[in-house]
Amino acid sequence: LSDFTVSHILKLADRFQMERMLIRCENHLTQSTRFDEITKLTFADQYRLKSLRDQCLESFVSIADFTQKLKLSPEYDNFSDAMKGAICDRI
């Protein structure tokens with residue numbers, strides 16, 4: 001498992017309902033520094049990775065930080081309602 005393969009493995013693990021592999025990918029993404037918080041939140045939203053989502057949301061320290069990174073990013077519009085709700089709860 002590497003930073004370069006994790007997105008492809010996530011897609012396959014989700015498609016074939018391989019929960020253990022999803023957990024391994026989630027753990028890898030939690031430790032990875034290659035991906036920014038927005039990208040990690042996108043993975044968390046798309047593949048329902050709650051721990052990764054919570055860890056990313058905890059990394060934001062202020063409302064200004066949220067606004068600057070999340071609201072202004074184009075990915076924000078593609079987040080599910082559940083992810084937007086989790087973001088609002090964190091704020």
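Which residues are exposed on the other side of α2? In this predicted model, helix α2 spans residues 19-31 and contains 13 residues. The distance from its first C-alpha to its last is 19 Å, close to the 18 Å expected at 1.5 Å a residue. Four of its residues, L22, C25, E26 and L29, are buried. Seen down the axis of α2, these buried residues fall within an arc of 100°, so they line one face of the helix. The exposed residues on the other side of α2 are R20 and Q31.

The loops on either side of α2 were examined next. F16 is placed in the loop between α1 and α2. With a relative accessible area of 51%, F16 is exposed, because the cut-off for this class is over 50%. Together with L12 and M18, F16 makes a nonpolar surface patch of about 300 Å². The loop between α2 and α3 holds T33, which counts as exposed at 76% relative accessibility. T33 and D3 are 30 residues apart along the chain, and their C-alpha atoms are separated by 9.1 Å.

Helix α5 (residues 63-71) has D65, F66 and L70 as its buried residues. These residues cover an arc of only 100° around the axis, which puts them on the same side of α5. The face turned away from this buried side carries the exposed residues A64, Q68 and K71. The cover over the buried residues of α5 includes α3, α4 and α6 (81-90). In the loop between α5 and α6 lies S80, which counts as partly exposed at 29% relative accessibility. The C-alpha atoms of S80 and Q46 are separated by 8.3 Å, and these two residues are 34 residues apart along the chain.

Charged pairs were considered last. Side chains of opposite charge can pair when their charged atoms come close. With a cut-off of 4 Å between a side-chain nitrogen of Lys or Arg and a carboxyl oxygen of Asp or Glu, the count comes to five salt bridges. D65 and K69 are separated by about one helical turn, because they are four residues apart in helix α5. The relative accessible area of D65 is 13%, and D65 is therefore buried, under the cut-off of 20%. K69 is partly exposed, with a relative accessible area of 34%.

R90 forms a salt bridge with E58, with the closest N and O atoms 4.0 Å apart. R90 lies in helix α6 and E58 in helix α4, so this pair ties together parts that are 32 residues apart in sequence. At 32% relative accessibility R90 counts as partly exposed, whereas E58, at 52%, counts as exposed. Another salt bridge joins R53 and D54, whose closest N and O atoms are 3.1 Å apart. D54 counts as partly exposed at 28% relative accessibility. R53 and D54 also belong, with K50, to a network of linked salt bridges.

Technical notes:
Residues are numbered from 1 along each chain as its sequence is written. This is a predicted model: local features need pLDDT of at least 70, side-chain atom pairs count only at pLDDT 80 or more; totals for chains, interfaces and linings use all residues. Side-chain values use heavy atoms; hydrogens and water are left out. Helices (H or I, at least four residues) and strands (E, at least two) are DSSP runs, numbered from the N terminus. The expected span of a helix is 1.5 Å times one less than its number of residues. Buried means under 20% relative accessible area, exposed over 50%, partly exposed in between (1.4 Å probe, protein chains only). The arc is that of the directions from the helix axis to the C-beta atoms. Patches are made of residues with over 30% relative accessible area and no salt bridge: like charges are joined within 9 Å, nonpolar side chains (Val, Leu, Ile, Met, Phe, Trp, Tyr) within 5 Å. Accessible areas come from the Shrake-Rupley method with a 1.4 Å probe; for residues, only the protein chains shown count as cover. Contact means heavy atoms within 4.5 Å.
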